[in-house]
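Hi,

Here is the structure I said I would send over. Have a look at it first, and then read on for what turned up.

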Amino acid sequence: MYSSFQQENNGFDFLLTAYELKRKAFEENPQFLSTYLNTLISMGNHYSANHEFEEAEKYFQDSFTLISNNDEPVRKAQLHMSYGNSLKTEAHKLKSSKLISESIHYFLLAEKEFSKLILNGNKDLNISYSDCLYNLGLVFKTVGEFKKSEKYLLKALKLKIPIAKSLPGTQTIALGHIYFVLAQSYDAT
């Protein structure tokens, strides 16, 4: 039974249903802002991953509007990182230095926000923070700023090593990505 249900639906159908339900819940009760923001960001990430930047942009902009009027520091950091990733993806596709610069701007905002949250004791964000640092290292490498790239990649490495030890698998692969980009940065200098 599960497999036939699964065949009739795909992950995006579920995400779209979640979005509609959470939007309605938020409209009825603003206390559901955080969960609604999480879904908006997920929608933006989905469209970005499928190279539909204009559609992703709509969800990210809705998130920015909601965040600007509310105190949601974790979601704000996640939004800045997700939007930075979306801009980075689109920048590579269009070969746009302007979008790369915007991407760096949003990654730097996310880095500052994650750093502050972690200093205030929110260690659950170490994975997101290390991913943000990795992306900063990656975009700085892309624009030829190898010292900045190295700085952020080494910070990501410092966080990712203990994470990979406690959560092997995808985090170990992420750790390998950091080493790979670091090696490329050293080779380029």
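A quick word on terms before the details: a residue counts as buried when its relative accessible area is under 20%. Keep in mind that this is a predicted model.

By that cut-off Tyr129 is buried, because its relative accessible area is 8%. Phe114 is buried too, at 0%.

Searching the whole structure gives 11 aromatic pairs, and Phe114 with Tyr129 is one of them: the ring centres are 6.4 Å apart and the planes sit at 50°, so the pair is tilted. It ties together distant parts of the chain, with Phe114 in helix α6 (residues 97-119) and Tyr129 in helix α7 (residues 126-142), 15 residues apart.

Phe140 and Tyr152 are stacked, with 5.7 Å from centre to centre and 15° between the planes.

Elsewhere, ring pairs join Phe12, Tyr19, Phe26, Tyr36, Tyr47 and Tyr59 into a cluster.

Now the helix packing. Helix α3 (residues 33-49) and helix α5 (residues 73-94) have axes that come within 10 Å and cross at roughly 10°, which means α3 runs roughly parallel to α5. On the α3 side the contact includes Leu37, Asn38 and Ile41, and on the α5 side Gln78, Leu79 and Ser82 are among the residues involved. Sorted by class, the α3–α5 contact has eight polar, three nonpolar and one charged residues.

Cheers

Technical notes
Residues numbered from 1 in each chain as written. Predicted model: local features only at pLDDT ≥ 70, side-chain atom pairs only at ≥ 80, totals over all residues. Heavy atoms only, no water. Phe/Tyr/Trp six-rings, centres within 6.5 Å; stacked < 30°, edge-to-face > 60°. Helix = DSSP H or I, 4+ residues; strand = E, 2+ residues; numbered from the N terminus. Buried < 20%, exposed > 50% of the residue type's maximum accessible area, 1.4 Å probe, protein only. Axes fitted to C-alpha atoms, helices over the stretch in contact; angles between N-to-C directions. Parallel < 35°, antiparallel > 145°, perpendicular 65-115°, else oblique. Contact = heavy atoms within 4.5 Å. Nonpolar A, V, L, I, M, F, W, Y, C, P; charged D, E, K, R; others polar.
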